[in-house]
Protein chains: 2
Amino acid sequence: MLQISQRGKTMPASPIRKLVPYAELAKKKGTKVYHLNIGQPDIETPKPLLDAVRNSDFKILEYSHSAGNESYRRKLVEYYQTAGISIDHNQIIVTTGGSEAISFGFFACFDAGDEVIIPEPFYANYTGFAVAANVVVRPVTSSIENGFALPPIHEFEKLINEKTKAIVICNPNNPTGYLYTRDEMEQLKALVVKHNLFLFSDEAYREFCYGGEHFSALNLTGAEQNVILMDTISKRYSACGGRLGALITRNQQVLDAVMKFAQARLSPPSFAQILAEAATELPADYFDNTKAEYLSRRDLLVQRLNAMPGVYCPVPGGAFYAMARLPIDDSDVFCQWMLESFSHNQQTVMLAPATGFYETPGLGKDEVRIAYVLNKEDLSRSMDLLEIALQQYPGRTV
Amino acid sequence: MLQISQRGKTMPASPIRKLVPYAELAKKKGTKVYHLNIGQPDIETPKPLLDAVRNSDFKILEYSHSAGNESYRRKLVEYYQTAGISIDHNQIIVTTGGSEAISFGFFACFDAGDEVIIPEPFYANYTGFAVAANVVVRPVTSSIENGFALPPIHEFEKLINEKTKAIVICNPNNPTGYLYTRDEMEQLKALVVKHNLFLFSDEAYREFCYGGEHFSALNLTGAEQNVILMDTISKRYSACGGRLGALITRNQQVLDAVMKFAQARLSPPSFAQILAEAATELPADYFDNTKAEYLSRRDLLVQRLNAMPGVYCPVPGGAFYAMARLPIDDSDVFCQWMLESFSHNQQTVMLAPATGFYETPGLGKDEVRIAYVLNKEDLSRSMDLLEIALQQYPGRTV
């Protein structure tokens, strides 16, 4: 018998995308689906970025340098400088989305059976990249009660053994929206330096911090060899379909190894590099406006959620996600029910069940991740729908 | 001590790209480098394809479906129909380049320690994808003496054990240009069916066959569950920088597993999907013209090579590569010497040492891969340079 791999069988389905077939069925029945399940913003990609691609005049769509065009990497250095991060263009490897930066980082740093510790709930696809690389994810649970703050360091230390190779964080966090404080970052630094671990820091949402200051892992003095930054243009410029990211580190051994994986896949996409190079020329107020928009959406969302009976949503400090606790028996069943069996005026909402963001089985059953990627009118209507759905849902617990 | 992974250390550098730093140095010294090392054609990307991107009028560069836009997959079905291959759009998963198709196929079908058999010399990056997936490559050596035809099936059977999961071929072949005959394909079918193996078939150069007919692995009756096709638009339309490929199989288990890896990385690049969808509308004579151009280049190249004392180059039946045996001691040393120490009228040629295409250590030391991706004038000048270089090279053997 032909058999697929154990890896292929173990690979989890994306909690963000696994309900897509139900959404497609709902749409075929004529139901409008508000997508709060996925981090696909409705904010327009800045026109100068799309124009840069549309006005390009080359005749051959060629491979680029495996690390990305040097001209783009030099512009990225300026972008990071503006963000308060000092790096050299040779410390940047441009990747196909942040996804590839994570994959390459894992391949370069981990062998089969190695372990990484990740505070849960965490970006579900980390598990996917870990499965691909045969790496074991050990979760440390953070709690909705304190807004998903960094768990105590001794909880990490309990899990550290000779197979532990790294801590992986996302800051500000997807799915919780939590923004790590400077003090929490320093605690993580002390931990990785003490135990000789890599610190993978996914900073895809760097620009979207509300209230607090973002502190990049690359600015942790004394952890220069430990820190590997994973980045992407997807959220920064609402350019998810470009598929352009970057892996950045000052660790030369890691850069050399990642470069070999980068060469094997030849190059990152060329069109997106043209777009992203143009992005570095955006006026300084671009992020101010985008951030203000997300902030007002966040406030609307959190206010509406916490006004619903039995619902609790801590105030996220960054990114554009919120985790909410709902009065439901099972978030997977509930989210599927919203698509299959519920509609109001031929409309419904798609959310991401939180179970897929927890590694520990059984956690997240009464939580969902909500991406506030739609304009306030749509967001408000989505909250109306959620409120009605919660009243009708047969598995309501409170 | 912080350590990178064994996988990162084992990962081979690309034989096609590892000499790039020497080429960059040569260029900085003012030397023109003719690039015959890499499959980057100088043929223009068809204008309607670039225009499709330049005239696109969307406002948000969104994620696409993880399997690629349905509209594109439906057009691909028509393309394959024209190529004599019958498949359904649900049997196609659009990938980021052919590279990702190979990676996802390996992840879905192989576990750490599994073995695949590949006739060598083979596309060097297969080793890279195998290292990433912790898969062991077992080579069966093909020979320049018979133009790199398929080795006898009993040579494959000698290597088959309980860990063997697949045979991987590239047809027409990169780096040898060999075009497998219908009879050879049937032999491979019998082998994979008998031993329950997957047959991975990389058909990136399907359109470029000279003399013989291309026979796709997808047309092997009785091996529907075994065959996994890896494809790309890179060479077909001279659109290497788009980074768009596809994995195609009729094996539902494999499709389901690959889809989970595809979802983890969210989506393939959006711009390239617009370009590739337009490509399916190209007039039928597009490939005739491109093929005629490559054919005339091949003839020029093979004639020039075989006219050089001590040089032998079999006539390739497809793709746009030739493997040549040169009167040299070490192809790695020679190719580096061409960039570092040789120039004629401030010009030199970059070739790919064949050693990187052989898995067996020691093979390929007197062979190089030459990509005939430059116009005939440049190709002819490159052959002048190679001829002069061979006369001057201190490690000349004959």
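Colleague: Which strands form the open sheet in chain B, and in what order?
Modeller: In this predicted model, three strands of chain B form an open sheet in the order β9-β12-β11, with antiparallel pairing. Strands are DSSP runs of E, at least two residues long, numbered from the N terminus, and two of them pair if DSSP finds at least two bridges between them.

Colleague: Which are the edge strands?
Modeller: β9 (321–325) and β11 (352–353) of chain B, each pairing on one side only.

Colleague: How many bridges join β9(B) to β12?
Modeller: Five bridges join β9(B) to β12 (residues 367–371) of chain B. B:R325 stands opposite B:E367 in β12(B).

Colleague: Turning to the interface, what area is buried between chain A and chain B?
Modeller: About 6600 Å², of which carbon and sulfur atoms give 56%; this is the accessible area (1.4 Å probe) lost on putting the two together, summed over both. A:L2, A:R17 and A:Y63 supply 12% of the area that chain A buries against chain B, more than any other three residues.

Colleague: How many salt bridges are there between chain A and chain B?
Modeller: The count is zero, taking a side-chain nitrogen of Lys or Arg within 4 Å of a carboxyl oxygen of Asp or Glu.

Colleague: And how many residues are in contact?
Modeller: 82 residues of chain A contact 82 residues of chain B, with heavy atoms within 4.5 Å.

Colleague: What conventions apply?
Modeller: Residues are numbered from 1 along each chain as its sequence is written, and chains are lettered from A in the order in which they are written. Local features need pLDDT of at least 70, side-chain atom pairs count only at pLDDT 80 or more, and totals for chains, interfaces and linings use all residues, while side-chain values use heavy atoms, leaving out hydrogens and water.

Definitions and conventions: Helix = DSSP H or I, 4+ residues; strand = E, 2+ residues; numbered from the N terminus.
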